[in-house]
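User: I'm new to this one and would like to go through it step by step. Could you take a few questions from me?

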Amino acid sequence: MPSIVFLGAGSVVFTRQLLTDLLRYPDLPALDIALHDIDATRLDVAYRTALSVARQVGRDVSVRASRDRRECLAGADFVVNMIQVGGIDATRVDLEVPARHGLRQTIGDTTGVGGVFRALRTFPVLTGVARDIQQLCPDAWILNYTNPMAMNVWWMSEVAPRIKVVGLCHSVYWTVHGLCALVGVPLEGTHYRAGGVNHQAWLTQWSRDGRDLYPLLRERIAADPELKRRVRVEIFRRVGFYPTETSEHSSEYVGWFLRSDAQIAQYRLHPLEYVGISERNVREFDRARRLLDAGEDLPLHAETDAAEYAPQIIHSISTGTPRDLHVNVPNAGLIDNLPQRAVVEVPASVDADGVHPQRFGDVPPAGAALNRSYLSVAELTVEAARAGDPLLIRQAVLADANASSTLTPQQIWELCDELTAAHARYLPVALGGTGEDIR
């Protein structure tokens, strides 16, 4: 009986989606599902969500829930990590404090100042998770969804290099899905490959029946001036290959878009957008709890919308079904023109023996230049936590293109001081925190 642990299971909408995809595989053996969260209320809703999904899908499944992480991890085969340290309150801090200093972000969970501080408060928890896994389930596959993806997977590879961790993100799939819809070509039957870093990989191959689909995209863009007001289209026009995350995300990974009101209007951006998204997620949690309290079934997404990689990987390893997808792993000869050991996003195959990242070679030179800037922020953040050096935190933000296009070095130092104080309970003492809420 494969044992699957969900860390941060209180993210009940995502837990519902993953469980629905997983339990819809009719050829999977009986599963043991362990749910962990530090919030008792959220954990209870997650537990009842799992039972609701299993009942609706018609699967017999063992479900248990515990606030004791080690109890859940003992003997696990797969560990799905989706924790969010600090929750919505920390997210508001990551976005609203920089905005008061004049630095605008849209999402703030991948790189830049929001990504840096999200990583710094997540690393201590990941260190504990990695320690527990090494002791309790050393052969488990760790399937990480928690952002900032590149920084978190990089950190785990440093503190526990022998564990099997891969970062999972659906951005490559949904990018191709959206582009196919845009040019009027069915997704089924297309061939695609992307490489780079999470949320900023480059779609270097996209074809159907041997026909390159990029010319169709260029024709579609040329025929519609409004498409040129999309961030991703502008990046595509300048770099030559389409980036693999939404315009909202992509806008804050470079210094081109959020630096002025005119650019924000031109590209139809909404700074602090993730605050609203987070608030909607809270409302969806409350709605799920009300439905469960009333004894009603939770709505499940359509089978055609199943795109998450964790259920696919669990299914492939458990049944031997081969499939291809994209993963985030340390660069060990996978991409030649990006730093080795840095976490990169590449195609991978999956089978009964596990996940097998594929050598990609070079990413496009202009794309690699942007990726290296992104990875410099990640590297400095990882080193700041490893060395306990607060100066490196500030230098990480200084290296970020969006921050340095907007703020002076002195303003960046002052912003980092304020964010350190705001997140002190989650940060180790060496980085200026109190460490009181490190688990």
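User: Is L272 buried, partly exposed or exposed?

Analyst: Keep in mind that this is a predicted model. Buried means under 20% relative accessible area and exposed means over 50%. L272 has a relative accessible area of 26%, so the label for L272 is partly exposed.

User: Where does L272 lie, and what is its phi?

Analyst: L272 sits in the loop between α11 (261-266) and α12. Most residues other than glycine have a negative phi. L272 is not a glycine, yet its phi is positive, at about 65°.

User: Which loop holds R341, and is R341 buried or exposed?

Analyst: R341 is in the loop between β11 (323-330) and β12 (343-351). Its phi is positive too, about 80°, although R341 is not a glycine. With the cut-off for exposed at over 50%, the relative accessible area of 51% makes R341 exposed.

User: Is the peptide bond from N147 to P148 cis or trans?

Analyst: P148 belongs to the loop between β5 (141-144) and α6 (149-159). Most peptide bonds are trans. From N147 to P148, though, omega is near 0°, and the bond is cis.

User: Which residues does T319 touch, leaving out those up to four places away in sequence?

Analyst: T319 lies in helix α13 (residues 309-319). Its relative accessible area is 29%, so T319 is partly exposed. Leaving out residues up to four places away in sequence, T319 touches D27 and L28.

User: What covers the buried residues of α2?

Analyst: Helix α2 covers residues 40-57 and reaches 26 Å from its first C-alpha to its last, close to the 26 Å expected. Its buried residues include L43, V45, A46 and V53. Their cover includes α1 (12-23), β2 (31-36), β3 (61-66) and α12 (273-293).

User: What is the radius of gyration of the protein chain?

Analyst: The chain has 17 helices and 13 strands. For 439 residues the globule rule gives 22 Å, and the chain comes close to that, so it is as compact as a globular protein of that length. The radius of gyration is 21 Å.

User: Of the contacts between residues at least 6 apart in sequence, what share joins residues at least 24 apart?

Analyst: Start with burial: buried residues make up 55% of the 439 residues in the protein chain. As for contacts between residues at least 6 apart in sequence, the share that joins residues at least 24 apart is 70%.

Methods. Residues numbered from 1 in each chain as written. Predicted model: local features only at pLDDT ≥ 70, side-chain atom pairs only at ≥ 80, totals over all residues. Heavy atoms only, no water. Helix = DSSP H or I, 4+ residues; strand = E, 2+ residues; numbered from the N terminus. Rg over C-alpha atoms; globule rule 2.2 N^0.38 Å. Buried < 20%, exposed > 50% of the residue type's maximum accessible area, 1.4 Å probe, protein only. Contact = heavy atoms within 4.5 Å. Expected span 1.5 Å × (residues − 1).
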